Amino acid sequence: MSLVYPMALANAASPSDTSSGYSHPQVKTSEHFKDLDSIEADTRKIVDFMLAQGYVEGMSDYHFGLADRLTRVQAAKIATKLFGIPVDSSVQKSTFTDVSAQSPEHAWGIPYIEAAKQASLIEGVDQARFDPDGSITLGQLAAILVRGLGIKAAPTGPNEAWYTGYMQAAQTQGIDFGGKAGDEAATREDFIKASYQAHQAYQLQLNAAEAGKVSVVSAEAIDYNKVKVQLNRQVDPDTATLVLTKDGVEVAATVAYTEGHPSAVLTLKEGKLTAGRYKVTLGGLREEDVEQIEAEFTADNETVTSIEFVTESEMLAKSRYASIRLKAINQYGQKASFSPASFSYTVNDSSALHPRLDKTPDGDLRLTLDTLTYHLNSRSTLIHVNLRHNDTNIAVQKSFTIGAEPVVTTLKAGEVSYSDSRTAIKTKGQKAVFDLIPYDQYGNVLGFNALREALQASQGTANLKDAVSLHFHPGTANFRYDIVDERGDDTIQAHVTLIEDILLAADYTASVYVQGGSASVTIAVQAYAKAVSIEFGDMNKVIANGDTNVYIPVTAYDESGAKLSLEDLTSDAFADRVRITVIGAQADQRDGSLGTGAVIEKAGKNKGSIWLTSITAPANGKIRITADIMDQGKTASFFREYAVQNARIPAGFKEVKAPASEIVPGSYTKFTYTVVDQYGEELDAANNVAMGKIVASGGDVYSIRLDPGSTFTDTVTETTYGLTLDKDPAKGHANRPAFEYTGAEFETFNDGFRFYAPPGQEGGSYTFSAQLLKNGTEISRATRTVQIKRSNDLTYFLDAVPALYRPGSIVPAAYQDAHLDPAQSLFARKLSFTIKNARGEQIYFVNGFSQSAAASDTQIVKTAVKNGSVYVLGSKAGKTNISVVYTTVKNEQKIANVEVNVKDDPLSVSSFTADNETAVLTLPSGGSVTENVYTLMGLSFKDNYGIGYKGSNTVNYNYAFGNSFGVDYIKPMNPGAPLGTVSIDAEGRVTVTGNVGRFDLIAYKGSSAEVRTRVTVVTAP
């Protein structure tokens, strides 16, 4: 049996019910109500219990109303309260034709009716009608209680009423209806007694479940792509798993456990339930804790059982975008998922009306008609509409009369959502978004295009922002708003953007006005924590004279002693109150220039730190950093000093990655040595140094020289084989006969090398020898020798494949050829082999050696072979096996297998990296220049599947991630001339025009700044 958690058994009429007309003060006992003076002791006990629990209230201050009847709309509210069903109060449309938001008597009940229906607790009197004012019968009440308790109705005979099985099942749980028939109307006394008994049954179930094992009670289809699973007790959703299968094959589905209830809903990740038997299997729990792990059910192909007009009015406004809304209902009582192509429609003059059928975001069918042109051409005001489902021939017809041009008379606002799934706005640039739903004088919804046309005609503007007024209370200038159709589905959205960080939390009322309609929403703004003390952190490395790009960590605390978050620390609100100054170094300043003022870095791996661009203090000197918090005329100061050591000088080499001792012809090995300084830290650049201080000229000069060595011949030919850079092997060292690196080029050396032996060459060796020189004299050497052998003792391992993404329909038409081709797409993965020599050392091959690849299920994954390597791209969620045929160095063909798992979890950016902290952009004299932001910043990122994206082509994938970019700290090249412009398009192309000398490029993950690059603009010679 299933357990429920009756959170509250509420009276049908509540203080907010406009239908009751009563005010209900809180009461605790039956003694308060005059009509309960003479009730029996058992009944008084039940009433007092229900009152004490807050489950019921009186019908008026002194009248409880035991004998009053219970309506169906009241029963819907009771059902949701009784079984703790979540109710979305923003729901304003009913799936039943006789429940209208325009009716004050019923509007309050729509959220409860829809929630109870969705939870399968209550049904309509037929597919179309709910009969909200009708009496609830005892049989219907029994059905609600039995369904809520999660037990099955008893079998009924062919001549028995439908409710017989429910009443019998209720009786097995101790619910007594006093011998009354199931078709009798239920009173409040019937409800209170039955609910009390259901509460007792629940307690018995709970006690039994706590001592017993977990079982799957039942599973049933509740929509074309949803399955409800009932358990006998709650389980840990992080441990328990529910797997849906058909004919032994897993059907990919998400699992959502109902909070506080022993049930879950499985939603198919793609496709629909089809005719046949399905099985749900419980897993993830210890065997001794589980009794019944499976439940089966039969599903049917989705079909349409009815079509209804959502548009209630028989009048249509005169507009090129007049719309009629309908809904097709499936066998589950939900909106059918069929596309508009599954329906046929006729109107009396298609050539003039230009009918277009599509779907709204909430699943309604929308027939758009050009009633304006039709009326002008024909002078007719009558339109006949017929819509039919092609497979079932179920059809509806309705006639409409054309009226006047549309005028907004009513405006409604949808639920507010916030950037990055937050519950409030906090950071500059974050948005609050809500739908606007205007209704014309005939009660019909106006879409984006229809409203724009109406405002153009009445107010002379097609820009909705000019015609839609939005006012905030309390008044503020911290918001900017736009009125857009962002999704391109003719839905009107208001975007409210925070343009300045603020220190005070507040709920702002946004009031929207358009023509005769108005609506209000509440926008929550979260305050920044206010810093009252600041600490500068310890350094994990030495600070030396002449160092560049030193980052000082900062920690701030609020009045309670809690540490400020990074978001608070990097806010404009923090920067406005805190002044940071530096002595002994140059720092990044707020206006993008360098000086003794400093700010907290807002993006990148050093977010929350102070960026010291160069250390100017002498050796054995100090850097002093001071933070002044200014608040209401008072200043609190905090400082720290850091010792500055002698300038860095090279001290030797460090072996980071050793080369393989043996490689075979056609392979290569990777290895890395780095230069380290006297402090044991990697040194990417060596300056001229005298007396512990960096000097512009003279002093000690450091360099590196590589000995070409001997490989098969007296010299190495880098274009054919030999030593190359690992970071960019194509560059090699062809232009460096002596393989020399100046001090400024140490970073290139530190990036590592590879040594390659071409096919056919064997039996030789290569000795890598690097000399660290001071004024031309060797002070350190690194040496390694690699043997080239014809070894057949290689082992090949096909590496495991991380999860793949299924791009599918998100790819725009312009990119489908490339982005859905595994050989070209960045969404694809390259299968990799780990190859080891006889000593167990890993070696590499320039080209792959795979001949072919095949997937067991070609619907799940696509494969391609390019340059001997296999690339795989997800096509459908699921798992399949890939077999790869490859050739070994012995020229033997072998097969390796690997499983791939394709998911359709939405793409997101997990991390950004900018290789370039600074960049230079060349501007033609007096002109403009456009550059790819990914190239300019050296920007790369990884998605939530672990796939990396880098290079200029990445800009073409921006549609999948919605990466956004910004510009900050724009400074002129010529301070005396007007400032030029820097703009970035949606895909990340930066255009600089005119007088611009410097600016910061910022890449955002969601609404948070992630990485930043300082760009200096120079003019072309």
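This talk walks through some helices, strands and charged pairs of one predicted model.

Residues are numbered from 1 along each chain as its sequence is written, and side-chain values use heavy atoms, with hydrogens and water left out.

Helix H2, residues 72-82, is mostly covered, with 10 of its 11 residues buried, where buried means under 20% relative accessible area, exposed means over 50%, and partly exposed is in between, using a 1.4 Å probe and protein chains only. Among the buried residues of H2 are Arg72, Gln74 and Lys77, and the helix is followed by Gly84, whose phi is positive, near 60°.

Helix H10, residues 448-459, has 12 residues and reaches 16 Å from its first C-alpha to its last, close to the 16 Å expected at 1.5 Å a residue, the expected span being 1.5 Å times one less than the number of residues. Its buried residues include Phe448, Leu451 and Glu453, and just after H10 comes Gly460, with a positive phi of about 75°.

In helix H7, residues 188-211, I would point to Asp190, which counts as buried at 12% relative accessibility. A polar atom of the Asp190 side chain lies 3.0 Å from the backbone nitrogen of Thr187. Leaving aside residues up to four places away in sequence, Asp190 touches Leu138, Leu141, Lys180 and Ala185, where contact means heavy atoms within 4.5 Å.

Turning now to the strands, there is an open sheet of four, in the order S4-S3-S7-S9, with antiparallel pairing; two strands pair if DSSP finds at least two bridges between them. Strands S4 (249-251) and S9 (294-299) stand at the edges, each with a single partner strand, so one side of each is left without a neighbour in the sheet. Inside this order, S3 (residues 241-246) and S7 (residues 276-283) pair over six bridges, and Val243 stands opposite Thr281 in S7.

Elsewhere, strand S14 (residues 356-359) is joined by four bridges to the antiparallel strand S15 (residues 365-369), with Asp358 opposite Arg366 in S15. The two strands form a hairpin with five residues between them, and Gly363 in the turn has a positive phi of about 95°.

Finally, the charged pairs: the structure holds 41 salt bridges, each being a side-chain nitrogen of Lys or Arg within 4 Å of a carboxyl oxygen of Asp or Glu. Which residue forms a salt bridge with Glu655? That residue is Arg784, and the closest N and O atoms are 2.8 Å apart. Arg784 lies in strand S45 (residues 777-788) and Glu655 in strand S35 (residues 650-657), so the pair ties together parts that are 129 residues apart in sequence. Arg784 is partly exposed at 33%, and Glu655 is partly exposed at 35%.

Another salt bridge joins Arg147 to Glu123, with the closest N and O atoms 3.6 Å apart; Arg147 is in helix H5 (residues 138-149), and Glu123 is in the loop between helix H4 (110-118) and H5. Glu123 counts as exposed, at 51% relative accessibility.

Notes:
Predicted model: local features only at pLDDT ≥ 70, side-chain atom pairs only at ≥ 80, totals over all residues. Polar contact = N/O pair within 3.5 Å; in protein donor to acceptor, adjacent residues only side chain to side chain.
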